[in-house]
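Colleague: I have some questions about labels and cut-offs. Can we go through them one by one?

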Amino acid sequence: LLLTGTEHPDGKLSYNDRYILWDNKSKETPVNLQDHIAQFDRYIRNSDKAVSVFIVIAPSFTENSVKECVKYSLKNDTQILLITADELKEVAELWHKSHPEESFNLGFFKQNGRFDKTMLMF
């Protein structure tokens with residue numbers, strides 16, 4: 001979906017009556033969610049619709065980042081999913097291979113913390 005202004009996530013998808021937002025972080029060290037949570041919270045709070053899940057795409061994450069996801073979701077009605085670009089690519093390829101005629105159900109991304117591909121049904 002179209003993003004307006006300068007203070008926004010990298011992407012937005014419509015999911016039922018809510019949104020899925022995402023932001024890409026490219027770093028040479030593991031991403032520490034705590035360093036970015038205020039930025040992501042602004043994106044979530046400024047959204048014109050409720051945000052079901054906020055996806056953070058990065059090469060790797062600190063162990064503390066998962067705890068930060070849980071902490072955030074306990075206070076808010078939004079989950080935060082941490083996924084690597086490699087994992088995202090693998091999911092796309094596996095889904096296309098096993099479901100060539102079906103669209104990917106974005107609900108599979110409604111996970112909190114580190115992405116777990118075993119939750120998907122291939």
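Colleague: What covers the buried residues of H1?
Modeller: This is a predicted model. The cover includes strand S2 (18-24), strand S3 (51-57), helix H2 (63-75) and strand S4 (79-83). Helix H1 itself spans residues 37-45. Its buried residues are Ile37, Gln39, Phe40, Asp41, Tyr43 and Ile44.

Colleague: Why is lysine 25 called buried?
Modeller: Its relative accessible area is 15%. Buried means under 20%.

Colleague: Where is lysine 25, and what does it touch?
Modeller: Lysine 25 sits in the loop between S2 and H1. Beyond its neighbours within four places in sequence, lysine 25 contacts Val31, His36, Gln39, Phe40, Val56, Ile57, Ala58 and Pro59.

Colleague: What makes the pair lysine 25 and aspartate 23 a polar contact?
Modeller: Their side chains are joined at 3.3 Å. The cut-off is within 3.5 Å for a pair of N or O atoms, one able to donate a hydrogen and the other to accept it. The pair counts as a polar contact.

Colleague: How do you know that phenylalanine 54 is buried?
Modeller: Its relative accessibility is 0%. The limit is under 20%, so phenylalanine 54 counts as buried. This residue lies in strand S3.

Colleague: Which residues does phenylalanine 54 touch?
Modeller: Leaving out residues up to four places away in sequence, among them are Phe40, Tyr43 and Ile44. Phenylalanine 54 also touches Leu21, Trp22 and Asp23.

Colleague: How far apart are the C-alpha atoms of phenylalanine 54 and leucine 13?
Modeller: They are separated by 10 Å, and the two residues are 41 residues apart along the chain.

Note on methods:
Residues numbered from 1 in each chain as written. Predicted model: local features only at pLDDT ≥ 70, side-chain atom pairs only at ≥ 80, totals over all residues. Heavy atoms only, no water. Buried < 20%, exposed > 50% of the residue type's maximum accessible area, 1.4 Å probe, protein only. Helix = DSSP H or I, 4+ residues; strand = E, 2+ residues; numbered from the N terminus. Contact = heavy atoms within 4.5 Å.
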